[in-house]
Amino acid sequence: MQAVGIVVEYNPFHNGHAYHLEQAKKVAQADIVIAVMSGDFLQRGEPAMVDKWTRTKMALAGGVDIVIELPYVYSTAPATDFAKGAISLLSGIGCDSFAFGSEDGSIQPFMNTFQLINNHRTEYNALIKESLKTGASYPKSLHYAYEQLSQKFPAAYIDLGQPNNILGFHYIEAAKTLGSNIKPLTIPRIVAGYHDAIQEGASIASATGIRKALATTSALQNVQEFLPKASFVHLADWHGKYGEFANWETFWPLLQFTLIRHTPSELTRYAEVTEGIENALIKAAKTSHSFGSFMEKIKSKRYTWTRLQRMLTHIYTGFTKEQLQSFDAPSSIRLLGMSKQGQAYLGMHKKDIPLPLISRVAAMDDAMLAVDIHAAEVYNLSIEQRSKGQSLPKDYQTPPIRF
């Protein structure tokens, strides 16, 4: 059985994702699709709008055959490490190829871009340092270095100012660095851009646009046309149980308490907290009544919104620099759900999978998995505190979803 892998967050699963899924299977000529999906906290440093189990149900209903969890260590990491974790797991579970959506839509410019940067790594790093010295953020410095190189060595390269192109580049970089034989494929992104708001009359909208619409109105009917029926049903069920979709405003009371209860020196223990910002975090937390007002006080040219959110995610979950440095590669494959086809695939390939395949976590003694379980617990805590006694699925009690 041929398997194509995809890297997803499905926050939430929408019509654009359904198109990507269908095209990935078609282009790869695959029998099944395996999705490595972020857990309850995401790459841009924010809680998922609904928990990983609800998003797994959406994925399976949308046509994914196997859903595995991208560990917290990688799902909340900068793009390079996010991609490294995802490609490691897709390679480990036996995917022949992986397919990603991109603004470019053609694979050769990605390969050219990788060769350009890889062949001129010393010069590339020197240009990054040059830009950082001017006070530019790290992402802007990366883009500056790339622009300088691409002008010096002309060819067909991708636009690394586009979010999906950036992730696609890092997926290819990860596969090359890991020495994996997994084949890269790309699907052109259609209709809606990564950050676009929803457009009346369209059938496809970005996940960002859908979340913004729901945050503004809380009316699911306003986004129904952009969602497969199953996604709409699962979102409506969640909203009916918990009253709202998760975001940083939902989590703000507990995050604020967490920030204020720490001393500045204690905050520096957490992953991605750089020296000097800890005092500003505590000061702003004491005088902010919402997450939005808090972020307005701490954002700056030096710290991007995403970088700050990842920092805050690690403080909220208690994930330290010491823990981050202790992990080098995925230690297991956590199974969240599977179709009958997916179950058949695992039955055929289980002996060839080099990492432990985990369906129940209770008996496992795994440090990386323990971080995932803890992250799910503190995610659930904020939701359950505001939902009048409604409880979320617990990792120790929830087996993989069968579809």
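I began with helix α4 and listed its buried residues: A79, F82, A83, G85, A86, I87, S88, L89, L90 and G92. Buried here means under 20% relative accessible area, exposed over 50%, and partly exposed in between (1.4 Å probe, protein chains only). Helices are DSSP runs of H or I with at least four residues, numbered from the N terminus.

I noted that the model is predicted: local features need pLDDT of at least 70, side-chain atom pairs count only at pLDDT 80 or more, and totals for chains, interfaces and linings use all residues. Numbering starts from 1 along each chain as its sequence is written, and side-chain values use heavy atoms, without hydrogens or water.

Back to α4. Ten of its 14 residues are buried, so this helix is largely enclosed by the rest of the structure. I then checked its span: 20 Å from first C-alpha to last, close to the expected 20 Å (1.5 Å times one less than the number of residues). Just after α4, G94 has a positive phi of about 95°.

Next, the core. I looked up the largest nonpolar core and found 123 residues. Such a core joins buried Ala, Val, Leu, Ile, Met, Phe, Trp, Tyr and Cys residues through side-chain atoms within 4.5 Å. Helix α4 (residues 79-92) gives the largest share, seven residues. I66, L259, L281, F294 and L312 have the most contacts inside the core.

I followed L259. Leaving aside neighbours within four places in sequence, L259 is in contact (heavy atoms within 4.5 Å) with W252, L267, L281, I282, A285, F294, L312 and I315.

Notes: Helix = DSSP H or I, 4+ residues; strand = E, 2+ residues; numbered from the N terminus.
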